[in-house]
Amino acid sequence: MTVPHSEDDAWPTAQHADRSRASVARKWAYLISMTAYLPYPHQELEQHLHALVDLLIDAVRRDTGGQELALEAGGKLVELRCVGPESLRVTMDVLAKALPQAPELRHLDRLTERVLLTMGALTSGYSEALRENIQTRQEDLSRALFKVEQEARRTTLIAQAQFEQLFTSSTSGVALTDLDGRFLRVNDALAESLQHPPAQLVGRELFDFVHEEDVEALREDYRELLDPKAPKARIARRFLVGAGEPIWVNLVASAVRDSAGGPRQFVTIIEDETDASLLQRRMTHQTLHDALTGLPNRQFFSTRLEKALRQADPATGITVYHLDLDGFRLITGGFGHATGDRLLRSVTAKLKTVLADETAFIARLGGDEFGILIENTPSTPDVPTMIRLINAELSEPEYLDSGHGVGLSATMGVAHRPARDVEPAELLRAVDMTLRRAQAKGHRQWELVDSERDTADRKQFRLAASMPGAWETGELAVVYEPLVRLDDGKIVGVEALLQWNHPEDGKLSHRECVSLADRTGLIHPLGGWLLRKACETVPELPISIGLTARQAADPDLVGTIREILAETGVEPSRLRCGFPASALTSCLDAADNLKVLAEIGVRAEIRDFSETVAADLAELPVEAVRFTGRATDRTAPLLTGLAEFARQAGATVIAECVNTPEDATWWRQAGADVGLKHS
């Protein structure tokens with residue numbers, strides 16, 4: 001019996017109820033789609049389940065006839081192919097929580113009892129429909145096998161003819177094996193499924209193509225078939241095809257017996273050509289392979305690496321190469337991406353040629369990067385020899401349609417005989433960092449993994465990645481160090497510097513902060529913040545800030561400085577920007593920025609002053625030059641000469657690290673005017 005209500009009751013609106021049902025259907029569809037393969041779009045699944053939610057709510061509300069509706073809903077769930085191992089449990093979890101909360105059911109009396117009865121009827125309908133579905137499929141197969149058996153009894157010739165027809169024309173894989181599982185015959189469909197010619201399969205065992213974790217269970221399934229009372233077995237197992245891709249297949253296996261009832265052979269039907277399995281294989285292949293080259297991708301490479309680490313011969317181990325093609329972007333920039341794609345396919349073929357005699361696994365890790373996993377043998381070339389062989393093959397020109405011959409080379413990070421217990425992801429990351437170190441050096445084509453260097457590099461990467469958060473939380477600060485005139489010790493300005501008060505690593509210096517920020521591109525906003533803080537904080541005294549090469553060449557540098565000076569009211573003449581000498585000699589944009597800043601009144605300084613920029617000093621509007629570090633006996637005459645040259649050109653000479661009276665005396669004698677006093 002339902003509780004009477006009027007329009008004034010807090011009864012849910014139709015719109016509210018429909019939203020609630022849609023939400024339940026959406027959640028149900030999301031969870032159940034992960035329990036079984038469903039051959040239609042997610043939106044269509046939601047629509048079907050929405051209709052079932054409507055049906056079940058109607059079932060709960062009815063005093064009579066509700067059980068029939070719930071039974072019908074269970075059957076429809078099987079019709080939708082929601083028949084995975086977890087499909088019913090997921091359904092019960094969703095509906096057991098959702099139905100008691102449905103807005104249109106809250107006013108029902110005995111709601112819990114009604115929901116329980118409905119859920120029970122749903123389960124019963126589902127189970128019965130599933131049983132009938134399985135029974136129908138089993139009966140179909142049983143009838144086919146029974147017909148074959150009957151025909152075999154009637155005449156051997158007819159039986160052989162019919163079996164031959166079934167064997168050769170079946171779209172499902174069929175195998176005839178001995179009692180040890182060794183292939184005696186296979187049909188073309190099975191050979192195609194396993195991606196091996198039929199002749200190569202005969203003599204091998206069925207279990208060679210089964211996932212290692214399923215082999216023992218499948219062997220036990222076949223042993224049970226030896227019992228005369230045992231029915232045929234229907235089994236779902238993982239097979240490995242091609243280069244080792246795992247796929248799920250259904251096997252229907254039965255024993256072929258002699259006239260005395262003794263088992264002689266096994267017949268196995270492998271259902272691998274249904275739409276579901278074809279789609280699964282296609283999706284699995286696409287998931288694990290690169291579309292352009294056909295090579296395994298990073299995910300597949302990582303899986304194979306894990307297996308190789310575990311199974312490698314301890315005496316020879318494995319070697320992992322991470323290759324990056326040198327100058328590949330120049331090729332795509334000059335000849336186009338279609339040419340780049342052609343060269344990547346060519347690289348794939350060349351790597352396969354070099355490694356043809358090795359147990360090797362080649363993958364495209366992304367872009368112009370490749371991974372090679374070699375399971376070493378006593379005859380495997382050592383690392384330097386293998387790298388020479390690879391680069392020799394890659395350097396052979398590939399002639400384009402335009403007639404140009406393009407050769408390649410690669411820089412590599414190498415892990416030789418890594419520990420067997422290392423995590424594959426950790427090993428791949430170490431090889432990648434090793435490759436980046438080799439590329440940074442420029443003069444080397446390869447480098448071996450170095451655990452100490454990896455640890456240091458990883459720390460730097462973590463610091464660089466966490467720097468934006470440290471800036472936002474106030475760990476970064478601006479500090480000031482005085483610029484002192486060397487003849488009388490008077491403070492003539494301050495240098496604005498960054499300092500990171502790291503909670504674990506202590507205080508990180510300005511040089512470390514700038515290096516980290518420059519790697520990530522954070523240097524541009526951080527440099528603007530540093531200048532703004534200095535202009536807002538330092539009264540009257542001249543302010544010096546240093547620029548990195550990236551900042552010096554920034555096309556927005558002049559505009560940023562103009563804006564900050566205008567907003568803070570600081571006169572341009574109070575600011576001095578330090579340009580790296582290397583930027584001025586290698587980048588016209590940096591020199592142009594220096595000249596424009598000088599035109600608006602900002603003073604300029606050349607840092608790391610050396611003889612390479614001394615010749616340009618007269619042509620640049622430079623107010624000061626700076627030397628970094630204490631000179632040695634060998635370099636002192638050169639520094640003294642450069643200081644004299646700068647002073648004659650009208651530039652102030654600044655020296656860093658003038659922290660003691662002895663430092664001040666030495667630099668004053670060398671020709672410096674001002675010293676930066678580090679705290």
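What pLDDT does the protein chain average, and what share of the residues score at least 70? The chain averages 85, and 90% of the residues score at least 70. Here pLDDT is the predictor's confidence in each residue, from 0 to 100. This is a predicted model: local features need pLDDT of at least 70, side-chain atom pairs count only at pLDDT 80 or more, and totals for chains, interfaces and linings use all residues. Residues are numbered from 1 along each chain as its sequence is written, and side-chain values use heavy atoms, with hydrogens and water left out.

Residues 1-11 have a pLDDT below 50. Beyond near neighbours in sequence, this stretch makes 14 contacts in the model; contact means heavy atoms within 4.5 Å. Where pLDDT is low, the predicted coordinates should not be read in detail.

## The mixed sheet

Helices (H or I, at least four residues) and strands (E, at least two) are DSSP runs, numbered from the N terminus. Two strands pair if DSSP finds at least two bridges between them. On those terms, five strands form an open sheet in the order β7-β8-β6-β11-β12, with mixed pairing. At its edges stand β7 (360-366) and β12 (446-448), each pairing on one side only. The twist averages 20° from one strand to the next. Axes are lines fitted to C-alpha atoms, for helices over the stretch in contact, and angles run from 0 to 180 degrees between N-to-C directions.

| Pair | Sense | Bridges |
|---|---|---|
| β7 and β8 | antiparallel | six |
| β6 and β8 | antiparallel | seven |
| β6 and β11 | antiparallel | seven |
| β11 and β12 | parallel | three |

On the β11 side, D324 has T411 as its bridge partner. Y321 is bridged to V414 in β11, and V414 in turn has L448 as its partner in β12.

How many residues of strand β6 (residues 318-325) are buried? Eight of the eight are, so β6 is largely enclosed by the rest of the structure. Buried means under 20% relative accessible area, exposed over 50%, and partly exposed in between (1.4 Å probe, protein chains only). In a regular strand the side chains alternate between the two faces of the sheet. In β6, I318, V320, H322 and D324 point one way, while T319, Y321, L323 and L325 point the other. Strand β11 is mostly covered too, with six of its seven residues buried.

Helix α15 (residues 424-441) lies across β6, β8, β11 and β12. It runs at about 140° to β11.

## The antiparallel sheet

A further open sheet has five strands in the order β2-β1-β5-β4-β3, with antiparallel pairing. β2 (183-186) and β3 (233-241) are its edges; each has a single partner strand, so one side of each is left without a neighbour in the sheet. Neighbouring strands are turned by 30° against each other on average, direction ignored. β3 is joined to β4 (residues 245-257) by nine bridges. Within that pairing, R237 has V249 in β4 as its bridge partner.

## Nonpolar cores

A nonpolar core is a set of buried Ala, Val, Leu, Ile, Met, Phe, Trp, Tyr and Cys residues joined through side-chain atoms within 4.5 Å. Which residues touch the most other members of the largest core? They are I606 and F609, in a core of 67 residues. Helix α18 (residues 523-537) supplies the largest share of this core, six residues. A second, separate core has 40 residues, among them L38, V94, L95 and A129.

Not counting residues up to four places away in sequence, the residues that I606 touches include F579, L584, V613, L617 and R626.

## Helix α25

Helix α25 (residues 661-670) has D663, A664, W667 and A670 buried. Seen down the axis, its buried residues fall within an arc of 130°, so they line one face of the helix. The arc is that of the directions from the helix axis to the C-beta atoms. An α-helix has 3.6 residues a turn, so residues three or four places apart point the same way. The face turned away from the buried side of α25 carries the exposed residues P661, E662 and Q669.

What covers the buried residues of α25? The cover includes β19 (624-627), α24 (636-648) and β20 (652-655). Just after α25, G671 takes a positive phi of about 110°.
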